[in-house]
Amino acid sequence: MTKILIIYTGGTIGMVNDAKTGTLIPFDFEQIQENVPELARLDYQLSIHSFNPILDSSNMNPEIWAELAKLIQEKYEEFDGFVILHGSDTMSFTASALSFMLQNLAKPVVLTGSQLPIGEIRTDAKENLITALEIAATKKGGKAMVPEVCVYFDYQLFRGNRSIKYNSEKFEAFTSPNYPILAEAGVSLSFYPNYILPIPQKPFQIHTVFNANIGVLKMYPGITENAVKAITKSGVEAIVLEAFGSGNTTTAPWFIACLEKAIEDNKIIIDISQCKGGSVQLGVYETSRKLQQMGIISGYDLTFEAAVTKLMYLMGQGLSIEEVKRLMEVSIAGELTN
């Protein structure tokens, strides 16, 4: 029988209304089958691991990512697939981080959650959970159909490190602006193998050391020198530069000088676009040519979530600055197209 481990970290999916206070409180997820009786009709052996205490996903951090990775490593041989129930707000960050941490992953790790609690009449939780389990259990030729970290939400399966949460009110909360979906659920489950990572040939292993000492510099018209220096002169070791369009910034001399000084101080600067779709193309316009010349690296079509977690991951591996820069511009888990 197919064995699936459900890992409940927290989030709306596992909440019920407290009749006394009217607020959402977590229920005991060991009683999941009472809330989702349809699970009994699935021919899987399900096991539950609940975090204690459970987390609001806004409190997610690299230490918890390491805990997740270690749990998956510990249970890797015992289970055919893993479903992580997670708050939607930081789900794409966790999915991106795990895609780098779980190296040579040959089994599905599917993150899902919901916009409404599982006990609500109109909840999206049941469909998301049941289909995530089906995806985690699906095999072809005895091997996992989706051997990668993904996000399932509202009938669509996304590569985890390509996903973003773009809507806080619709059931359709996630999208993947720069990469096709891996599968979709209609009358039947339709997988798109051309977009799914191949089964790895090397043994599974994990990397759990992250360096979160990074800053974010988001461009906007009228940005001041003081605002920029608050990031570039700080103690961070790397900066994610959220630029305009295809990677453009102001060419004001003071701004260029701030970036040059940061690079002189051995800070890594990666240029990603504020646009959800499209890719950074350094040097195409005059406003980005100077960035390219001074040694700022291109994030191509990385999501913000993938850029942040990939930087944390690479900086935690003890690599040289030049090697981190090189790998930031190379796809190591299907996260970018260069």
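Predicted model: local features only at pLDDT ≥ 70, side-chain atom pairs only at ≥ 80, totals over all residues.

**Exercise 1.** Determine how helix 6 and helix 7 are oriented relative to each other, and which residues bring them into contact.

*Solution.* Step 1: Two packed helices are described by the angle between their axes and the distance between the axes.
Step 1: For helix 6 (253-264) and helix 7 (residues 286-294), the angle is about 20° and the axes are 10 Å apart.
Step 2: Angles under 35 degrees count as roughly parallel, and therefore helix 6 and helix 7 are roughly parallel to each other.
Step 3: The crossing of helix 6 and helix 7 is right-handed.
Step 4: On the side of helix 6, the residues in contact are Ile256, Leu259, Glu260 and Ile263; they meet Lys290, Leu291 and Met294 of helix 7. Sorted by class, this contact has 5 nonpolar residues, 2 charged residues and no polar ones.

**Exercise 2.** Decide whether Ser246 is buried or exposed, and state which residues it touches.

*Solution.* Step 1: Ser246 belongs to the loop between strand 18 (238-243) and helix 6.
Step 1: The relative accessibility of Ser246 is 14%. Buried means under 20%, so Ser246 counts as buried.
Step 2: Leaving aside residues up to four places away in sequence, Ser246 touches Ser279, Val280, Gln281, Leu282 and Tyr285.

**Exercise 3.** Describe the backbone at Pro53, Asn266 and Tyr300, and locate each residue.

*Solution.* Step 1: Most residues other than glycine have a negative phi, and most peptide bonds are trans.
Step 1: The peptide bond from Asn52 to Pro53 is cis, with omega near 0°. Pro53 is placed in the loop between strand 4 (44-50) and helix 2 (62-75).
Step 2: Asn266 has a positive phi, near 65°. Asn266 lies in the loop between helix 6 and strand 19 (268-273), and at 52% relative accessibility it counts as exposed.
Step 3: Tyr300 has a positive phi, near 50°. Its place is the loop between strand 20 (297-298) and helix 8 (304-315). With 24% relative accessibility, Tyr300 counts as partly exposed.

Key: Residues numbered from 1 in each chain as written. Heavy atoms only, no water. Helix = DSSP H or I, 4+ residues; strand = E, 2+ residues; numbered from the N terminus. Buried < 20%, exposed > 50% of the residue type's maximum accessible area, 1.4 Å probe, protein only. Contact = heavy atoms within 4.5 Å. Axes fitted to C-alpha atoms, helices over the stretch in contact; angles between N-to-C directions. Parallel < 35°, antiparallel > 145°, perpendicular 65-115°, else oblique. Left-handed = near helix turned anticlockwise from the far one by under 90°. Nonpolar A, V, L, I, M, F, W, Y, C, P; charged D, E, K, R; others polar.
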